[in-house]
Amino acid sequence: MINRKTCPMEDNSQVIYKKPSQLKEIARRMKKNKPAVIGLIILTIIILMVLFAEHIVPYKAAITQNVKNRLEPPSGVHWFGTDGYGRDLFARCLHGGRISLAIGFSSAAFSAILGIILGSIAGYYGGFTDGALMRSVDVIAAIPSILMALAVVAALGASQLNLIIAVAFSRTPAIIRVVRTAVLSVGDQEYVEAAKAGGTSDFRIIYKSILPNCIGPIMVQVTMSVAQNILAAATLSFLGLGINPPTPEWGSIISESKEFMRTANYLMIFPGLLIILSTLSLNLVGDGLRDALDPRLKT
Amino acid sequence: MWRYLFRRCLLIIPITLGVSFIVFSIMAITPGDPATMILGIGGTQEDIDRINQELGYDRPFLVRYGDYLYKAVVKHDLGTSYQFKTTVWSNIKQRLPVSVKVTTFSLLIASMVGVPIGVLSAVKQYSLFDTFPTVLALFFAAIPTFWLGMMLMLVLSLKIPIFPATGIASWKGYVLPSLSLGLPFAAQQLRFARSSMLETIRQDYIRTAKAKGAPENIIIWKHALKNALMPIITIIGINFGLILGGAVATETLFSIPGLGSMVVTGIKMKDIPMVMGGIIVLSIICSLIMLIVDLLYALIDPRIKAKYSRGRRAAI
């Protein structure tokens, strides 16, 4: 990684070499990456709108049925139109986004924590521990992730928390592999040897010396997994094993719109576009992060 | 080479055993029992108990698992579906070809669209041939497959009736599902092909070929692509598994009788033999595909073949 050393020229008597902090350097590179900035802006707008959904349209509008107003096309009053029960689609999409994004982010966080713990154990200790852990990871990875998530949701029952657990569980193997590879790549560096020789505890070595030096690829993988998790959660809800009605969620809104495909196709277009926008922006940010963390990888 | 192949094939056994144990455990903690599912709401407690006993569901977990394994391995019997009363094998035999067909078509679309455009955009980096496909690929990579399927269905089946919306009565039925599964993966393969190709065309031997005066087309499609192909083949192999197992939503949407939808209805109905059979077959196929990908490496890259035959390659 290039560390620019700045040298203030005005005072030659005391030359100060100042190394910009790594975070600043990454932020600087991110700012230069236009797609990443666009992604970040879109993502921020979506997150803000979803966070303040209650202030934009109250939750009541998303679940109160009003059969008189059913299937109204988009207009000034109902920006995205109304669904088969006369509920405001804009309100449903906003409040649905709360759940979709919450599942996406929290399952990514969940699998990141689990993945970092197990991956660094496997990478750091090696030998039997590594073998046993990685073989179990192979087994879980051999099951198609969406079917795995479906089975877990069926076993635990359909609820928001269980959906998060199911999605996280099916995503963790990928993160464990990335963390393990990253840990392996710095595990035999001199400073780790030095820390070991100095009698530092294993936990402290992993936490203080190894993880900060391989956080880059892990961050990228976790960012990308948020996008995949949003898609996975939407797919589960679409298949009817996710969020229970009438609670809105992007996947379930699309699933409900199936029967009105001929007459009211806006019902499926708007939530679909929201899913695309959020996964697209997350992917852009992930790409930008990868390039900013390691400019050599940039293509 | 053969020793390596043998070892890799042997590795599939513990993985399949692990898969079967995990799926069996998850199914065991799923609430409800098969008899209630079979009889519906009308069944009396006596009938429920009797059927559960007939199915052997009243025995302890490990005994049931052992019995399942014994029957599957020794008698090649994956059991009988609780819902349909037909053997799991006959269901798999009917559905597997459909799944493989859809997956193959999707993969063909993905590779035939993704790889050439990816190579082209790498060669013409920063031109319109690069930016336009790259932006489009980013967009397609973000689309949920089931939504893309619905949009295709809306446009190419309901608005302009070219293809049937559901069913696979003729080849036309395969078009929309394969497109909706293939296009997002095409986007992914485009990105892979592009970055892999970019890396390759910067290497010295390509410059040498250019200096020698070899025609541009031959340099790109013969010299460079051959070396850039390895990561692309890996991703195609991984994608085969992903599409085969992940086509559930698309299968449901287009009412295609594939393996994925068989597992989903199985999960919903707590039809343990169907779920077990389906997932085990899927995972074995995925492992085999990855094995084939590994062998293809050797076919493409003589350096790897040399490693195999010297037996230096560490176990994976």
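**Close-up views of a two-chain model**

**View 1. B:Tyr126 sits in a loop of chain B.** B:Tyr126 counts as exposed because it has 8 C-beta neighbours inside 10 Å. Helices are DSSP runs of H or I with at least four residues, strands are runs of E with at least two, and both are numbered from the N terminus. Phi of B:Tyr126 is near 70 degrees, a positive value in a residue other than glycine. Most residues other than glycine have a negative phi.

The model is predicted: local features need pLDDT of at least 70, side-chain atom pairs count only at pLDDT 80 or more, and totals for chains, interfaces and linings use all residues. Residues are numbered from 1 along each chain as its sequence is written, while chains are lettered from A and ligands numbered from 1 in the order in which they are written.

**View 2. B:His76 is another loop residue with a positive phi.** Its phi is near 50 degrees, and it is not a glycine. With 8 C-beta neighbours inside 10 Å, B:His76 counts as exposed.

**View 3. Chain B is built from helices, with zero strands.** There are 14 helices in chain B. The C-alpha trace of chain B spans about 85 × 60 × 30 Å along its principal axes. Of the 316 residues in chain B, 38% are buried. Take the contacts in chain B between residues at least 6 apart in sequence: 72% of them join residues at least 24 apart. Two residues are in contact if their C-beta atoms, placed from the backbone, lie within 7 Å.

**View 4. Helix H9 (residues 204-212) packs on helix H10 (residues 216-246) in chain B.** Their axes are 11 Å apart, at an angle of about 145 degrees. Axes are lines fitted to C-alpha atoms, for helices over the stretch in contact, and angles run from 0 to 180 degrees between N-to-C directions. The crossing of H9(B) and H10(B) is right-handed. That word applies if the near helix is turned clockwise from the far one by less than a right angle; anticlockwise is left-handed. B:Ile206, B:Ala209 and B:Lys210 in H9(B) meet B:Ile219, B:His223 and B:Ala224 in H10(B). By class, this contact has four nonpolar, one polar and one charged residues. (Ala, Val, Leu, Ile, Met, Phe, Trp, Tyr, Cys and Pro count as nonpolar; Asp, Glu, Lys and Arg as charged; the others, Gly among them, as polar.)

**View 5. H7(A) crosses helix H8 (residues 160-187) of chain A.** The two axes come within 8 Å and cross at roughly 145 degrees. The crossing is right-handed. Residues that make the contact include A:Met148, A:Ala149 and A:Val152 of H7(A), and A:Leu163, A:Ala166 and A:Phe169 of H8(A). In this contact there are ten nonpolar, three polar and one charged residues.

**View 6. Chain A meets chain B.** The contact joins 32 residues of chain A to 37 residues of chain B. On the chain A side, helix H6 (127-142), helix H7 (145-156), helix H11 (215-238) and helix H13 (266-293) each give two or more residues. H13(A) gives the most, with eight residues. This side of chain A has 23 nonpolar, seven polar and two charged residues.

**View 7. The largest nonpolar core has 155 residues.** Such a core is a set of buried Ala, Val, Leu, Ile, Met, Phe, Trp, Tyr and Cys residues joined through C-beta atoms within 7 Å. A:Ala149, A:Leu150, A:Ala151 and B:Ile279 touch the most other members. Neighbours within four places in sequence aside, A:Leu150 is in contact with A:Leu236, A:Leu239, A:Leu241, B:Val264 and B:Ile267.

**View 8. H11(A) is largely enclosed by the rest of the structure.** The reason is that 20 of its 24 residues are buried. H11(A) reaches 34 Å from its first C-alpha to its last, close to the 34 Å expected at 1.5 Å a residue. (The expected span is 1.5 Å times one less than the number of residues.) Just after H11(A), A:Gly240 takes a positive phi of about 85 degrees.

**View 9. A:Ile205 lies in helix H10 (residues 202-210) of chain A.** A:Ile205 counts as buried because it has 21 C-beta neighbours inside 10 Å. Leaving aside neighbours within four places in sequence, A:Ile205 is in contact with A:Val192, A:Ala195, A:Lys196, A:Thr200 and A:Ile210. A:Glu193 is twelve residues from A:Ile205 in sequence and 9.6 Å away in space, C-alpha to C-alpha.

Methods:
Buried ≥ 20, exposed ≤ 12 C-beta atoms within 10 Å, placed from the backbone.
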